[in-house]
Every structure is written in C-alpha cells, then in structure tokens.
Amino acid sequence: MEDLPEPLLADILRRITRASDLNSLSLVSKQLYTFEGEHRDAICIGCGLNPATEALTSLLSRFSNLSKVEINYSGWTPSHGEQFNEHCLSVLSSQCPLLSDLTLSFCSNIQDASMAYLARCTKLRCLKLISTPAISWCGLSLVAVVCKHLSVLHLVDCIAVSVDGWLAYLGRHGSLEELVVKDCKEISQYDLLKFGPGWQKLQKFEFEINGNYWMPMSLDPSYVPGYPYSYEICCENLKHLRLAHIITEPEIGLRFLLGKCKALETLDLEYVIGLDESEMIALFQRCSNLKSISLWLMPLHFHSVHHGIQFRTPLTNGSLEALALSCPMLEVVELTFTFCDPDWPTEIGFTQKGILTLIQSCPIRALVLNGASIFYNSGMKGLSSCEFLETLEIVDCVSLTDAGMDFVIQAPRLSILTLRECNNVTDNGMVALAHSGKLDSLTVIGCRQISQEGVHGAAKSVHYSADTESHDSLKGMKVQSLGD
C-alpha cells in the first residue's frame, strides 16, 4: 500500500469515514501515519485529554490541515482531569489555520473573553455552541465582531446568552445564512426580531424552547403586553424553517415568518400553539418549491361560525388540499398527533381521505404517520397505489391491523418500513411482508403482538425491540417539572 501514488492514497482516505478505521490505518506504517495526519480534515475531541493544553498541542501538531473540529466534553467528571479551557482555545485557534467549522459542546470553562481567540480563525464559517454556560452576550458580541465570514451559528442550551447587541450587529454587518437557537432561556422569539435586515440573507432558521407549553392556559413567557412589536422584515430567501414548542398568542411572534416566506423547501412546525389555517393555506400557495413538511399537532379549542366551539387540531383538510394543489415537488410528509383521543376522531382536523388526496397528488417518497387514529386499513390500501412511496413509518396508529400490512406491501417501490407501538398488528401481518421479499429494511419497536420470531425473514435487514416507548418519546414532547 505504501507504493501507491499519493493522489490514489488520498482518495482512499477520503472514502474512510470512521475515525477508528483511520486510526487503525495510521498504525500500519510511519508513511501512512504521516500521510493520514496531513490529510485528515476533521476531528472530534472528547474529555480524554489530560493535561488538556499539552495533550491538545501534541495532537494538533500531527493534524495540521484540520478544517472541522468538534470539542465535546459531555460526561466530563473531575477524574478526567482538566476541562477544555481558554488556553486550549488559544492553542486550537493558532494551530488550525484552515479551521472553518468549530463545535464547542459542554465546555463549561470557556469564558466570554476566550471568544477573542477566534479572530485568528480567518476562515471560520460555522460556529456551534452547545451547553456552554459561561458564554453570555459579551462573548457573542466578540464573535459577531471578530468572525468576519461567519455564515452558520448554532446556540443550543446556552443559558447565559441574551440578545443585547450582537444579533443586531450580525443582522446589519454579518453574512449569516443559518441560525439555530434551541433552549436558550434568555432569548425569546421577540428578541429575534432584532436580527432586522439579517433575515433577508438567512436561508435556514430554527427556534425551539422547552417548557410546559402544551398545558391549558399556558402563555408565551416572553410576551410583553403593549410592546411595539414590528414585523416589517423580509425573509424571502428562507428555504428551511423549523419552529418547535412555542406559543404565538396573543402576539404572533415568530409566526410572522409564515406570512413572509416564499422560497421554503423544508418546513417543520412542532407543537406551535396559535397556528392560523388561513395563513398556512396562503403559505402553501406561495411556496411551490416545498419538498418536505413536518406537522406535529395537538387539539385546541376553536370557535367556528358554523360549528360553534370545536376541540381539534388547528389544521384541516383545507391545508392538505392547498399542499396537494400548490406543492408539486413535495416528497417528504410527517404528520404527528398527540393528546387526540381515538374514541373522538374529530379531534384530528384531517381525515383519511384528506391525507390520501395529498399523498396521491404529490410524488411522496417518505411518509410518517404518528398517532393517526383516523387512518384505517382502507387507508393502507390507498397507499398501495402510491407509485413513489419508498419509506413508510407508522407510529401509534391504533386503527391499523394485519390487513393493512397486506395492502401496503403492494406499494410498488416500498422498501423501508417502520412500525412503532402498533399494538393491533400481529405476527400474521408479518407473513405478507416475508412472502413479498421486497423490503430492504424493517424496524419493529414496542408492538406488543409482534414477536422476534414473527419478523424473521420479513426483510433483508430487520431491527426488533419489544421495549415500549414513553408517550413523550413517541411524540417528541419536552416536559419540564414544575420545579424547573
């Protein structure tokens, strides 16, 4: 192998993606050790460096062309030795001149002043801060000023970060194309309005908060009565939007984005309280390039002129019809329903017919139905004629039985099937899957009447678990105790 020309050897290294495999290869010979060190462009460093600064210096001296570095101190305890600190960040910024992508996770000892070292990283385009409790708005202000070419910024569980001036500065002078804010309790959805003209450049945005947002009479904790909110913001270039676990009442907050977007390709709305169906229909009619949509819904009280007070999910078949008519490129659909009583099907605003109309009108390749008690075996028969459907995940759908499996396996391109908590499907339903011999992958989790023996031979690759999942896990709920 040592006699191979360097371009070919470099190509081989690019095809090896697991760090353990690269490490094994480097032990074959000194030449490969040196060559692999010179060509590795990404590394993930955990809490095994001790002493941290000296060990990091030694490690980086071997890997001189790193462009992507992840520092992850999750699970750190004092027995691991030093935490990654400002001296480590100084070493990293000085020894990695090509650094363009940096992730700092659970680095508790990184202080605001340390962010100034990133000025040395002139190529830095992507910065992800995850559970860095000592970083505040001061540190982000330094990042905004010294990272001249930053285009991607992720803030996850950064409990001390608030929006004082750094976001407005990035909006006016920066070039952010991707902004992700999750579980940062000092940043409200209204603070993000300060991004101002930056919204015009943004192509991907995610905002998620924790809390008992789903409880009756919950209010947005960031809402300030009488505050002069302004929504004259352009976001016409936004392609990927995810809003999760937020309340948009009585003020509309980040829901204003739904009235501004025109170029969306991916839309994820996860338990957004206060959705307005007329706004959603107008959004779908504008976004003809939409390729993927994920809607996680729960029933709420609505006042209808014709039907009085209703208790149902906020969207109806009208939204599905707008998607079917206006989004010809739609390929991925996820519909999740929680707190919907199967004995009261009207608590779900969609009907089986509405869902089938959408799936049969668009080139849907992947479909997830979670908690869709209004979807029956006849619905699976409808899916059997969907010529593009390749991946299907059925979760907590109590109306489906073995007959549904007999139907859906007839879908011409179906190759990946997942069943989770489908307790009315039995081993008999697996027989049709095995007889067809067409599935590449079958995953069965927590389905009480399906045994490990029953899934044998049902697909080329089978994953089986009898363990049941909690409601919160199945539905993606994020519940806080009252003491949090």
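Trainee: Which residues does Leu142 touch, not counting residues up to four places away in sequence?

Mentor: Please bear in mind that this is a predicted model. Leu142 touches Asp112, Ala113, Met115, Ala116 and Cys147, with residues up to four places away in sequence not counted. Leu142 itself belongs to helix H6, which spans residues 137–146. From Leu142 to Trp166 the C-alpha to C-alpha separation is 8.0 Å, and the two are 24 residues apart in sequence.

Trainee: Is Leu142 buried, exposed or partly exposed?

Mentor: Its relative accessible area is 30%. Buried means under 20% and exposed means over 50%, so Leu142 is partly exposed.

Trainee: How many aromatic pairs does a search of the whole structure find?

Mentor: The search finds 6 aromatic pairs. One of them joins Trp199 and Phe256: the ring centres are 6.0 Å apart and the planes stand at 85°, so this pair is edge-to-face. Trp199 sits in helix H8 (residues 198–201), whereas Phe256 sits in the loop between strand E8 (240–244) and strand E9 (266–270), so the pair ties together parts that are 57 residues apart in sequence. Both residues are buried. Ring pairs also link Phe195, Trp199, Phe205 and Phe256 into a cluster.

Trainee: Which residues line the largest cavity?

Mentor: Rolling a probe the size of a water molecule over the atoms shows where empty space is left. Here there is 1 cavity of 30 Å³ or more, and the largest cavity holds about 50 Å³ of space. Its lining is formed by Leu269, Tyr271, Val272, Ile273, Leu275, Trp296, Leu297, Met298, Leu300 and Pro314.

Definitions and conventions. Residues numbered from 1 in each chain as written. Predicted model: local features only at pLDDT ≥ 70, side-chain atom pairs only at ≥ 80, totals over all residues. Heavy atoms only, no water. 1 Å grid on protein atoms, 1.4 Å probe; cavity = no way out; pocket = protein on both sides within 12 Å on 5 of 7 lines; lining within 4 Å. Points joined across faces, edges and corners; volume = space filled by probe spheres on them. Phe/Tyr/Trp six-rings, centres within 6.5 Å; stacked < 30°, edge-to-face > 60°. Helix = DSSP H or I, 4+ residues; strand = E, 2+ residues; numbered from the N terminus. Buried < 20%, exposed > 50% of the residue type's maximum accessible area, 1.4 Å probe, protein only. Contact = heavy atoms within 4.5 Å.
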